[in-house]
Amino acid sequence: MRVLKCPACREPMIVAEYEQVEIDTCVGCGGVWLDGGELEALVGRAVPPKPTPDPDLGPPDRDCPICVHKLIKDRYGRSQVVVDKCPHGDGLWLDAGELAQILAAYPHALAEPSHHEDHATGALRGFFSAPRPASPKDTE
Ligand SMILES: [Zn+2]
Ligand SMILES: [Zn+2]
């Protein structure tokens with residue numbers, strides 16, 4: 001299994017499964033790395049990239065954990081959450097809480113829309129509390 005280093009604090013990240021998408025999660029800072037297309041899978045739609053980075057968001061300050069090029073800051077769709085994206089499409093980085101903000105902007109993203117925010121928040125809290133109990137899948 002690959003081990004990616006957190007772009008924010010350089011800790012090795014762990015892989016957590018969320019809504020059947022494997023997410024690299026940093027237990028140090030609570031951020032998550034999503035491979036290219038994974039966030040689109042979670043929100044259930046394609047969000048077209050902006051042609052040019054938004055200059056108001058400041059210079060790149062983090063490296064892609066896969067190709068080590070600088071991540072480009074951009075606002076993600078209608079959520080307006082600032083994400084750090086790999087210029088080569090490897091994926092994008094979300095600081096702690098940003099995934100929940102993005103999912104909250106796409107209320108039909110998850111299977112249980114009426115419990116959507118609690119569901120996302122609870123799942124994220126589970127990611128970041130250590131140690132995690134083994135999931136049922138691991139013990140089968
Ligand atoms: Zn980190
Ligand atoms: Zn990259």
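## The zinc site

Reading along the sequence, the residues that donate to the zinc ion (ligand 2) follow the spacing C-x2-C-x18-C-x3-D. This is a predicted model, so let us look at what its atoms show around that pattern. The donors from the protein are Cys-64 (SG), Cys-67 (SG), Cys-86 (SG) and Asp-90 (OD), at 1.9 to 2.3 Å from the zinc ion (ligand 2). The angles among the four donor atoms run from 102 to 116°, and the site is tetrahedral.

Cys-67 is partly exposed, at 22% relative accessibility, whereas Cys-86 is buried, at 7%. As for cysteines bonded to one another, a search of the whole structure finds zero disulfides.

## Nonpolar cores

The largest nonpolar core holds 19 residues, and Leu-39, Leu-42, Tyr-76, Leu-99 and Ile-102 are the ones with the most contacts inside it. Two or more residues come from each of strand S2 (21–25), strand S3 (32–35), H1, S5, S6 and helix H2 (98–105). The most is given by H2, which supplies four residues to this core.

There is also a second, separate core of nine residues, with Leu-4, Cys-6, Met-13 and Leu-71 among them.

## The aromatic pair

Which aromatic rings come together, and how are their planes arranged? One aromatic pair turns up in a search of the whole structure. The partners are Tyr-76 and Tyr-106, with ring centres 6.4 Å apart and planes at 70°, so the pair is edge-to-face.

Tyr-76 sits in strand S4 and Tyr-106 in the loop between H2 and helix H3 (116–128), so their pairing ties together parts that are 30 residues apart in sequence. Tyr-76 is buried, with a relative accessible area of 4%, and Tyr-106 is buried too, with 3%.

## Salt bridges

Side chains of opposite charge can pair when their charged atoms come close. Here, a search of the whole structure finds nine salt bridges. One of them joins Arg-2 and Asp-35, whose closest N and O atoms are 2.8 Å apart. Arg-2 lies in the segment before strand S1 (14–18) and Asp-35 in strand S3, so the two tie together parts that are 33 residues apart in sequence. Arg-2 is partly exposed, with 36% relative accessibility.

Another salt bridge links Arg-62 with Asp-84, and their closest N and O atoms are 3.3 Å apart. Arg-62 is in the loop between H1 and S4 and Asp-84 is in strand S5, so this contact ties together parts that are 22 residues apart in sequence. Both ends are buried: Arg-62 has 17% relative accessibility, and Asp-84 has a relative accessible area of 2%. Lys-70 and Asp-63 form a further salt bridge, with the closest N and O atoms 3.1 Å apart. Lys-70 is partly exposed at 45%, while Asp-63 is buried at 18%. Through shared partners, salt bridges join Asp-61, Arg-62, Lys-73, Asp-84 and Asp-95 into one network.

Note on methods: Residues are numbered from 1 along each chain as its sequence is written. Chains are lettered from A and ligands numbered from 1 in the order in which they are written. This is a predicted model: local features need pLDDT of at least 70, side-chain atom pairs count only at pLDDT 80 or more; totals for chains, interfaces and linings use all residues. Side-chain values use heavy atoms; hydrogens and water are left out. Donors are N, O and S atoms within 2.8 Å of the metal (3.2 Å for Na, K and Ca); water is not among the atoms, so sites may look incomplete. Four donors count as tetrahedral if all angles lie between 85 and 135 degrees; four count as square planar and six as octahedral if opposite donors are over 155 degrees apart and all others between 65 and 115; anything else is irregular. Buried means under 20% relative accessible area, exposed over 50%, partly exposed in between (1.4 Å probe, protein chains only). A nonpolar core is a set of buried Ala, Val, Leu, Ile, Met, Phe, Trp, Tyr and Cys residues joined through side-chain atoms within 4.5 Å. Rings of Phe, Tyr and Trp (its six-membered ring) pair if their centres lie within 6.5 Å; planes under 30 degrees apart count as stacked, over 60 as edge-to-face and the rest as tilted. A disulfide is a pair of cysteine sulfur atoms within 2.5 Å. A salt bridge is a side-chain nitrogen of Lys or Arg within 4 Å of a carboxyl oxygen of Asp or Glu.
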